[in-house]
Amino acid sequence: MTTYRQAVEQLSVAQKPGRGAPPYSRWINRRLGRWIAAGAHLAGRTPNQVTMISAALSLAGILIVALVRPQWWTGLVVAALLVLGYAFDAADGQLARLRGGGSAAGEWLDHVVDATKICLLHSAVLISFFRFSDLPHAMLLVPLGYEAVSSVFFFTFILVEKLRKSAGRQAHRGNEAGSGLVQTALAAPTDYGLLCLVFVVFGWTPVFATLYTAMFAAHGLVLLVALARWWRELSAGGHSS
């Protein structure tokens with residue numbers, strides 16, 4: 001029988017390098033997901049069950065954002081729930097790997113949960129700003145814009161990966177032989193894990209609003225650069241319409 005330590009080591013060896021992945025996701029969340037996946041494997045859980053646990057944790061945090069007036073403790077609770085939800089999100093795929101491979105339905109469910117939580121999280125921030133803060137009304141445009149930027153980035157990133165696979169090509173990354181540290185640093189504004197940590201200061205609305213706005217602006221800039229890069233790549237590969 002596989003022990004917990006053996007399961008963790010097996011996942012560590014099988015883990016993709018993650019070159020260019022955002023920093024929290026690459027160095028922290030994947031490790032947390034590995035630990036959770038190993039425990040879930042020994043407990044006989046399925047990847048879809050882990051996905052639904054991730055969804056429940058994330059939804060709990062999102063509901064607190066939308067329904068509870070920000071206080072010093074709400075940020076800590078929200079951040080903890082979102083971080084745990086994200087860790088379980090990293091665990092479902094790794095658990096599938098331990099069990100011999102995932103399914104198309106499981107991958108679909110994972111993406112549906114990811115897309116849903118992105119929309120709901122920023123919608124919850126919009127509701128909180130409107131209900132509980134004295135911020136200028138123009139500030140309500142920030143979570144609205146953040147939701148659009150995050151959704152477009154998520155969809156186009158998934159789509160470009162599918163197009164690469166359909167063309168039988170490896171994912172294009174600069175400095176493929178290296179560690180991808182530059183790409184990781186540049187991808188930081190898109191890191192959902194870092195956004196989760198920003199909610200630690202959710203109880204201090206002006207501080208949170210400043211950090212949240214900065215993340216939104218940086219994420220928008222990265223999206224513009226990424227769209228231009230992906231367009232050039234796919235056009236060169238003959239995927240133009």
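Contact is defined here as heavy atoms lying within 4.5 Å. The structure is a predicted model, in which local features need pLDDT of at least 70 and side-chain atom pairs count only at pLDDT 80 or more, while totals for chains, interfaces and linings use all residues. Residues are numbered from 1 along each chain as its sequence is written, and side-chain values use heavy atoms, with hydrogens and water left out.

Leaving aside neighbours within four places in sequence, Val-113 is in contact with Thr-51 and Ala-55. Val-113 belongs to helix 5 (residues 104-132); helices are DSSP runs of H or I with at least four residues, numbered from the N terminus. The relative accessible area of Val-113 is 12%, and this residue is therefore buried (under 20% relative accessible area, with a 1.4 Å probe and protein chains only). A distance of 9.9 Å separates the C-alpha atoms of Val-113 and Ala-56, which are 57 residues apart along the chain.

Helix 3 (residues 47-67) packs with helix 4 (residues 72-98) at an angle of about 165°, their axes being 8 Å apart. Axes are lines fitted to C-alpha atoms over the stretch in contact, and angles run from 0 to 180 degrees between N-to-C directions. Helix 3 is therefore roughly antiparallel to helix 4 (an angle over 145 degrees).

The mean pLDDT of the protein chain (the predictor's confidence in each residue, from 0 to 100) is 91, and 91% of its residues reach 70 or more. Over residues 173-177 the pLDDT is below 50, and this stretch has 10 contacts in the model beyond near neighbours in sequence. Where pLDDT is low, predicted coordinates should not be read in detail.

Key
Helices (H or I, at least four residues) and strands (E, at least two) are DSSP runs, numbered from the N terminus. Angles under 35 degrees count as roughly parallel, over 145 as roughly antiparallel, 65 to 115 as roughly perpendicular and the rest as oblique. Buried means under 20% relative accessible area, exposed over 50%, partly exposed in between (1.4 Å probe, protein chains only).
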